[in-house]
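Dear colleague,

Please find below the sequence and the structure that I am handing over to you. A summary of what was found follows directly after.

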Amino acid sequence: MRKIIAVVAALMVSLSLASCSNDNGGGTSTGGSASGDKPFISIVSKGFQHQFWQAVKSGAEARAAELGVEIEFIGPASESEVEAQMTMLDNALAKKPAAIGFAALDSQAAAGTLTKIKDAGIPVIAFDSGVDSDIPLTTAATDNKVAAKEGAKHMCELIGNKGKVALIVHDQVSKSGTDRRDGFLEGMKEYCPDVTVLEPQYGGGDQAKSADIAKSIMTANPDLSGIFGSNEGSAIGALKGVQEANMAGKIVLIGFDSGKAQLDAIRSGEMNGAITQDPVGMGAAVVQAAVDAIDGKTLPKFIDTGFYWYDKTNIDDPKIAAVLYD
Amino acid sequence: MMSVIEALPVQKPSAWKQRLQQLLAFAGLLVIFVAFSIARPTLFPTYSNITNILFSAVVIGCLAMGATLVIVSAGIDLSCGTGMALSAVMAATFMVTWGLPVWLGIILTLLFGAFLGCVNGIAVTVLGLPPFIATLATMMICQGLALVVSNVHPIYFDSGKQGSYLWLSTGTIIPGFPNAIFVLLLAAAVAYIVFNKTILGRYDVSIGSNQEATALSGINVKKWLVIIYATAGVFTALGGIMISARLGSAQPATGSGYEMQAIAATVIGGTSLAGGKGSIIGTLIGALIISVINNGLQIIMLPQQWQNVVLGAVIVVVVFIDQLRNKQAKAR
């Protein structure tokens with residue numbers, strides 16, 4: 001029996017190695033080459049659930065190649081795995097990198113590890129979500145509150161100052177979730193105070209779950225005029241829900257980020273528009289800030305990586321198209 | 001062979017008892033449904049909302065059919081959630097990347113599910129790993145492979161070329177009634193026949209109640225366990241087909257957490273985690289109960305933090321009543 005287990009284990013290891021080498025055939029900068037003196041930067045992201053992170057990764061890799069540094073880009077499988085991310089951060093520290101980039105799933109959970117990283121004298125660059133700590137030298141992020149508020153402004157323009165609006169939010173813990181929720185609510189109050197805004201619902205960024213939520217909201221509120229989805233999964237979920245309920249075009253839909261399904265829906269008019277961040281620019285900014293920190297330059301406290309409103313009319317604008325991803 | 005099985009000291013629940021079991025789960029479903037209907041009489045019990053409830057039970061329902069078969073054998077399958085995601089990725093790979101026709105893609109995906117189940121079954125029987133550990137490991141492997149195979153990108157179906165695939169879920173033969181619901185009913189019917197009318201179901205119950213006695217009576221327990229896990233894998237793959245057909249894409253990072261919903265549906269339906277006892281109709285009702293609760297709580301606009309609390313409490317109550325009834329039955 002033991003022999004069999006050993007054989008199977010060996011088989012699995014060799015299989016996984018084989019698949020790794022296949023995967024890196026394209027020449028990504030993660031892992032692999034044991035080049036001695038290039039500075040190594042470990043970037044702990046929020047994971048794989050959204051294409052947004054792949055776009056951040058591509059921006060980071062491009063800038064790393066330009067600056068001649070080696071990076072790794074890792075993250076947990078889904079955006080609710082706070083603890084798994086903490087472990088990854090611990091492991092990143094253990095590799096003794098020259099700098100660490102970190103997009104916190106939970107703005108407070110990392111406090112302990114961050115202190116250890118600081119004690120080790122490794123500079124930390126926060127990105128995407130801020131951290132409730134003054135250890136990160138800078139935060140490269142979208143100002144999510146302002147961005148979501150812009151979404152609310154367009155929502156108000158599209159529905160007028162009446163009716164009901166719902167929010168499907170991807171998370172009630174992470175700062176990007178709460179900032180987008182609060183920014184949108186703030187915007188609604190400011191730009192169209194007579195609109196009833198329903199209690200925000202949370203779908204964890206899961207498309208199927210968000211679609212079910214959207215349908216329940218429409219059932220409970222037949223007079224609903226608009227839905228805001230706070231990230232790719234939430235927005236596509238809201239879109240699916242509206243389509244399944246045969247309400248496409250009758251409900252104003254505003255999303256966040258991009259991804260093929262969202263872009264298609266905006267082109268076809270089923271979704272009215274969305275806020276996009278600049279993920280490629282964000283990835284580049286993280287690596288740039290990390291290299292600057294390694295070189296001992298002083299960094300601003302916050303690097304605003306910007307956002308844009310896009311809809312059918314400007315989706316193919318080169319400036320916008322550059323920050324959208326499939 | 002048949003007579004050997006009948007001679008086994010297996011406590012097969014008598015027909016009336018099984019019916020009572022289903023009646024109880026069904027009564028629970030009815031009570032919850034009526035309660036929400038009273039709370040929101042104009043919104044909740046409508047044709048469109050009922051189809052919403054049925055529709056959102058489809059994926060969990062498919063997974064739970066497989067979970068029931070495994071749990072009855074005194075096993076567990078934690079890999080069905082991420083296995084579903086991997087199956088969805090494979091379906092997209094077959095049809096979109098390789099360009100195979102939809103019917104062939106579906107068949108290959110179901111076969112792939114059977115293969116996944118075989119891996120679980122072999123890990124449990126040949127390697128002798130406890131089912132919890134074996135499927136915990138395959139859960140992780142599936143999660144990783146889904147990302148590897150898809151290269152961490154969702155794979156989108158073409159609404160033209162794979163139109164019939166998408167039609168399976170969101171198409172409507174009856175207006176306003178998504179086809180996915182028929183798929184779930186069909187899956188339940190197949191599971192019912194497999195579990196109640198075939199030798200596989202009989203061995204499943206027998207292995208779950210007493211594996212040693214079953215083996216002693218000359219049945220190749222290992223072989224049948226592999227077959228049971230493989231059959232469960234087919235339902236996992238069906239779940240993957242239904243979720244990717246609904247979303248129009250295979251999302252490689254979804255799936256974790258779905259296995260717990262599937263297990264919850266199975267347990268609510270009266271299947272015992274100790275094995276040897278289960279009901280497909282009960283599981284179908286269990287999946288519907290979860291769906292009704294999720295939908296109803298959203299419609300009465302209960303803050304979402306509370307929705308999972310309520311769902312968990314329902315599981316406690318239902319399983320507690322079930323055990324109480326079993327104890328009484330034994331005492332008699």
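**Confidence and findings**

Chain A has a mean pLDDT of 86, with 89% of its residues at 70 or more. Please bear in mind that this is a predicted model. One stretch of chain A calls for caution: over residues 11-35 the pLDDT stays under 50. For that stretch the model has 14 contacts beyond four places in sequence.

**Domains of chain A**

Chain A is divided into two parts, domain 1 (37-142 + 279-306) and domain 2 (144-277). Taken over C-alpha atoms, the centres of domain 1 and domain 2 of chain A are separated by 29 Å. Where they meet, 16 residues of domain 1 of chain A are in contact with 16 residues of domain 2 of chain A. On the domain 1 side of chain A that touches domain 2, the elements giving two or more residues are H2 and H10 of chain A.

**The sheet and its helices**

Chain A holds an open sheet of six strands with parallel pairing, in the order S2-S1-S3-S4-S5-S12. Its edge strands are S2 (70-74) and S12 (302-304) of chain A, each of which pairs on one side only. From one strand to the next, the twist averages 20°.

Within this sheet, strand S4 (residues 124-127) and strand S5 (residues 138-141) of chain A pair in the parallel sense over three bridges. In this pairing, Phe127(A) stands opposite Ala140(A) in S5(A).

Helix H2 (residues 51-67) of chain A lies across S1 (40-44) and S2 of chain A, and runs at about 170° to S2(A).

**The nonpolar core**

The largest nonpolar core has 196 residues. Which residues have the most contacts inside it? They are Ile125(A), Val286(A), Ile60(B), Cys62(B) and Leu63(B). Helix H12 (residues 221-247) of chain B gives the most to this core, with 17 residues. From chain A, the core draws at least three residues from each of domain 1 and domain 2.

As for Ile60(B), leaving aside residues up to four places away in sequence, this residue touches Tyr258(B), Gln261(B), Ala262(B), Ala265(B), Ala287(B) and Ile290(B).

With kind regards

Methods. Residues are numbered from 1 along each chain as its sequence is written. Chains are lettered from A and ligands numbered from 1 in the order in which they are written. This is a predicted model: local features need pLDDT of at least 70, side-chain atom pairs count only at pLDDT 80 or more; totals for chains, interfaces and linings use all residues. Two strands pair if DSSP finds at least two bridges between them. Helices (H or I, at least four residues) and strands (E, at least two) are DSSP runs, numbered from the N terminus. Axes are lines fitted to C-alpha atoms, for helices over the stretch in contact, and angles run from 0 to 180 degrees between N-to-C directions. Two residues are in contact if their C-beta atoms, placed from the backbone, lie within 7 Å. A nonpolar core is a set of buried Ala, Val, Leu, Ile, Met, Phe, Trp, Tyr and Cys residues joined through C-beta atoms within 7 Å. A residue is buried if 20 or more other C-beta atoms lie within 10 Å of its own, exposed if 12 or fewer, and partly exposed in between; C-beta atoms are placed from the backbone. Domain bounds come from an automatic or database domain assignment. pLDDT is the predictor's confidence in each residue, from 0 to 100.
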